[in-house]
Amino acid sequence: MTEQLRLMAVHAHPDDESSKGAATMAKYVSEGVDVLVVTCTGGERGSILNPKLQGDAYIEKNIHEVRKKEMDEAREILGVQQEWLGFVDSGLPEGDPLPPLPEGCFALEDPRLAAGRLVAKIRAFRPQVITTYDENGGYPHPDHIMTHTISMIAFDGAADAEAFPEEEFGPVWTPQKLYYNQGFNRPRTVALHEALLARGLESPYGEWLERWKEFERVERTLTTHVPCDEFFEIRDKALIAHATQIDPEGGWFRVPMEIQREVWPTEEYELAKSLVDTSLPESDLFAGIRDNA
């Protein structure tokens, strides 16, 4: 008998789980792995990005409940479990200078106190592997950066009974590996862009690549490439379930599925912490764990 494998994916808002690592999660679900998505905020301050739903008075008034129902649908499509941390969306500040963040929002919480909620989730679920965002949040949304911050505290804190007492946060648990989602990486973007142009097709990535040059984005180390192309369609269905956030006719879906599978059939991660021996590059988030389970 081997111990049940468990994966926890920590995300900032509903829809993040479907745009970052969704095919990976669906793959592991199909293999019998328990997968739990922890969503830090309710996405209350998210803009309605689908032009077909903009101006809908009901959605604007009830955005929190609408996004919760969207999350429920996406969860069912992916086959994962999902729980909320219960923090309030910080919104994406815009302007020069940037306005202050709203009082009581996630990004203004005390990081250690906020991490305590995640510690309790980790100890209850007992994942061997946790995925989250890098120190830049994947992109500099304050909630994504805060998600990184509390994930790092909680990864270590889950095993620390002094920092987070068992009587309050549950019996200690030691996760074995922590990864950063790096699905939006330059090699993948360039490969798909060039493949589309070579076939005489329009690419949605030209502007992305120009912005990469403008912001001089530092390249990340891609340690782990998880083959999951047979689950790309499930990923897209889950993403479309977040109807307020995603235009099904938008840029997310302009690359034909057969080209995606041929050119880039994996999702990428950066191994940030590991308590087990593993050989890089990897093709499995549980590399080094399966043999010892």
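Leaving out residues up to four places away in sequence, Asp16 touches His11, Tyr133 and His144. The model is predicted. UniProt, in an unreviewed entry, lists Asp16 under "binding site", together with His13 and His144. These residues span 132 residues in sequence, yet no two of their C-alpha atoms are more than 9.7 Å apart, so they gather at one spot. His13, Asp16 and His144 also belong to the lining of the largest pocket.

**Asp16**
- Asp16 sits in helix α1, residues 16-19.
- Its relative accessibility is 4%, under the 20% cut-off, so Asp16 counts as buried.
- The side chains of Asp16 and Lys20 make a polar contact of 2.9 Å.

**His144**
- His144 belongs to helix α6, residues 142-157.
- With a relative accessible area of 0%, His144 is buried.
- Apart from residues up to four places away in sequence, His144 touches Ala12, His13, Asp16, Lys20, Tyr133, Gly137 and Tyr139.

**The sheet**
- Seven strands make an open sheet with mixed pairing, in the order β3-β2-β1-β4-β5-β7-β6.
- The edge strands are β3 (81-87) and β6 (224-227); each has a single partner strand, so one side of each lacks a neighbour in the sheet.
- From one strand to the next, the twist averages 30°.
- Strands β4 (residues 129-132) and β5 (residues 177-181) pair in the parallel sense, over four bridges.
- Thr131 stands opposite Tyr179 in β5.

**A helix across the sheet**
- Helix α5 (residues 111-125) lies across β1 (6-11), β2 (34-41), β3 and β4.
- Helix α5 runs at about 160° to β3.

How values were computed: Residues numbered from 1 in each chain as written. Predicted model: local features only at pLDDT ≥ 70, side-chain atom pairs only at ≥ 80, totals over all residues. Heavy atoms only, no water. Pairing = 2+ DSSP bridges. Helix = DSSP H or I, 4+ residues; strand = E, 2+ residues; numbered from the N terminus. Axes fitted to C-alpha atoms, helices over the stretch in contact; angles between N-to-C directions. Contact = heavy atoms within 4.5 Å. UniProt positions renumbered as here; feature names shortened; annotations may be inferred. 1 Å grid on protein atoms, 1.4 Å probe; cavity = no way out; pocket = protein on both sides within 12 Å on 5 of 7 lines; lining within 4 Å. Buried < 20%, exposed > 50% of the residue type's maximum accessible area, 1.4 Å probe, protein only. Polar contact = N/O pair within 3.5 Å; in protein donor to acceptor, adjacent residues only side chain to side chain.
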